[in-house]
Amino acid sequence: MEQDVTYKLPSDIERESMRIIGEELARQGITLPSETEAVVKRVIHTTADFDYAHNLCFTDGAVERAAEAFRSGAAVVTDTNMAKSGVSRAALSKLGGAVHCYMADPDVAREAKAQATTRAAVCMEKAAREHPGAVLAVGNAPTALLKICELIEGGLRPALVVGVPVGFVNVVESKRRVFEVCRKHGVPCIAAMGRKGGSNVAAAICNAILYTALDAVDPARRQEALK
């Protein structure tokens, strides 16, 4: 017998999805800390992958500190245009922020060629100059995370580092490294340890914190908050 599908409105679908996620976590014996619950559930909602209940790591107070930065108008800088397109512009705008990605900038391409490095790494250098207190959301490029490590050790203090590149080369190592550097220097960090991640995960983490900052994790409340 086919299941009767009664959820049609986006807010209803999201709310039911989150209910199902909560039930599945409970069946697995997983109780999420209240501070990180919204982030973990949104990443699972985005990926349908419950491994993120285990592999997402947070420095102390990362979510609340990042939410406070968003309330103060912090920008987001991503390492891919895909991540940029996934971050809620409506929520950022409501809080006075914006999202940027410099991967397509000609000056970034020229500088990357001159340095014999990746555009992603140069993008983080540009982010440090133009938005030193931004949320740096990396879902693709380990070289961006390694550059962020250098910048933090040189004095940069981002509002948050989201380290969730996906892949096989330097991915695991770069995420461990950025988490260690951030923790050492008191920079908020959220990292997906292991090989999993991606631009969609980076955007989901940003959105979960944006909705937290707006007190709009519930989709019905979000509709009102974003009017």
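**Cysteines and overall build**

Q: How many disulfides are there in the whole structure?
A: A search of the whole structure gives 0 disulfides. A disulfide here is a pair of cysteine sulfur atoms within 2.5 Å. This is a predicted model: local features need pLDDT of at least 70, side-chain atom pairs count only at pLDDT 80 or more, and totals for chains, interfaces and linings use all residues. Residues are numbered from 1 along each chain as its sequence is written, and side-chain values use heavy atoms, with hydrogens and water left out.

Q: Is C149 buried or exposed?
A: Buried, with a relative accessible area of 2%. Buried means under 20% relative accessible area, exposed over 50%, partly exposed in between (1.4 Å probe, protein chains only).

Q: New topic. How much of the chain is buried?
A: Buried residues are 50% of the 227.

Q: What about helices and strands?
A: The chain has 12 helices and 6 strands. These are DSSP runs, numbered from the N terminus: helices are H or I, at least four residues, and strands are E, at least two.

Q: What does the C-alpha trace span?
A: About 60 × 35 × 35 Å along its principal axes.
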